[in-house]
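Subject: Structure handover

Hello,

Here is the structure I promised to pass on. Please open it beside this email and follow along.

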Amino acid sequence: MKSGAQAESLDDIIVKGIEMCASQSGLVDLSVRAPSGRPAGLRAGQQVTRPAYPPCTPGTASAVETPRRRGPGEREGKTPAQPNAGRGRADWEVVTIREGRRAPHGELRMAGRRVPGAGAPSGAVPVLFCFSVFARPSSVPHGAGYELLIQKFLSLYGDQLDMHRKFVVQLFAEEWGQYVDLPKGFAVSERCKLRLVPLQIQLTTLGNLTPSSTVFFCCDMQERFRPAIKYFGDIISVGQRLLQGARILGIPVIVTEQYPKGLGSTVQEIDLTGVKLVLPKSKFSMVLPEVEAALAEIPGVRSVVLFGVETHVCIQQTALELVGRGIEVHIVADATSSRSMMDRMFALERLARTGIIVTTSEAVLLQLVADKDHPKFKEIQNLIKASAPESGLLSKV
């Protein structure tokens, strides 16, 4: 350890560390005073060049960060009358010049701990970007708008975001004490906290079906499945009932056929008149590029009514992919089946646990008309006068 004239005082060590941080960031101008009243670490007459102040805007931590010792009984933020009155712990004061009050942020390193708000380059504004349970501090240029903020979220959380979902950016408002949707034309001008919220399903419409926001998916109701699928005749009957209802209500229908060269076309009992798309496939899920393109052509699609075969394969995989894209899925239990009842029932149970709606054909059709005064109610009523077959749903597995 050095001694005498060669020894460095604690103030000298602190000043060196602070000036090094300041020279790297360029954000703060530090005035450090030793008990003698002159800048610590300087001999009489010696001068030092410090970083200049950045442009000072209201509400930003602009300038003076003063490390000093707090005297006994001294309240935070109050300067002692005598420079060397007492030997308390070292403390930081961050002063907002224009508003004359302690700023809520600043950047410095002390005792190996990083104080939030640090690291923003000159001309940048510190922003806390939040997503799910994560919160990551970063910075953006002054005046950054919505598009740049979205790019920043993608750079920070891109590996965790599902690009098929819709998101909303929200700003934490001190006035309300909670997050609010980002105002139109918002531009970053001061330190703030933002979060990205995925919009999977509009909670206010959870479970509701309307013809204008619904599409029917008919999955692989093909001839070669006839002898293998449990209750296939009943499934065909209910499927045809659903397609008739879709035509009456003007609901688009998308139909797929699994490897039709080997498994044949859709059974003749299913009338495909007026359907939007009939598509062959090899993938089990119906969510193909052509299907996604067809959905994109239909404005306001929020729900898919899904039926066909097999419940535990194509139906299940289609439902999970659609939900992952933010679409609400209704599986018609009495219009879907598998080669074994065990696979069918366990698949329906699993899908229900994931939040997918497992329902019946009659419930779907009546929900779509919603009112006995609906102009198409009588036609729908004629479809459901005879109850749909039970198709083994109430039998023991």
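Let me begin with contacts, meaning heavy atoms within 4.5 Å. Among contacts in the chain between residues at least 6 apart in sequence, 66% link residues at least 24 apart.

A word on the source. This is a predicted model, where local features need pLDDT of at least 70 and side-chain atom pairs count only at pLDDT 80 or more, while totals for chains, interfaces and linings use all residues. Residues are numbered from 1 along each chain as its sequence is written, and side-chain values use heavy atoms, with hydrogens and water left out.

Now the overall picture. The chain has nine helices and 16 strands. Both are DSSP runs numbered from the N terminus: helices are H or I with at least four residues, strands are E with at least two. Of the 397 residues, 41% are buried. Buried means under 20% relative accessible area, exposed means over 50%, and partly exposed lies in between (1.4 Å probe, protein chains only). The accessible surface comes to about 21800 Å² (Shrake-Rupley method, 1.4 Å probe). Carbon and sulfur atoms hold 54% of that surface.

Next, look at phenylalanine 217. It sits in strand S11, residues 214-219. Its relative accessible area is 0%, so phenylalanine 217 is buried. Isoleucine 254 is 37 residues away in sequence, yet its C-alpha is 5.0 Å from that of phenylalanine 217.

Then the cysteines. A disulfide is a covalent bond between the sulfur atoms of two cysteines. Here the rule is a pair of cysteine sulfur atoms within 2.5 Å. By that rule there are zero disulfides. For cysteine 218, the nearest cysteine sulfur belongs to cysteine 219, 7.7 Å away. Cysteine 218 is buried, at 0% relative accessible area. Cysteine 192 is buried too, at 14%.

Last, a helix pair. The axes of H3 (residues 232-249) and H8 (residues 361-369) come within 10 Å and cross at roughly 5 degrees. Axes here are lines fitted to C-alpha atoms over the stretch in contact, with angles from 0 to 180 degrees between N-to-C directions. H3 is therefore roughly parallel to H8, a label for angles under 35 degrees. Val238, Arg241, Leu242, Gly245 and Leu249 of H3 meet Ser361, Leu365, Leu368 and Val369 of H8.

Best wishes

How values were computed
Parallel < 35°, antiparallel > 145°, perpendicular 65-115°, else oblique.
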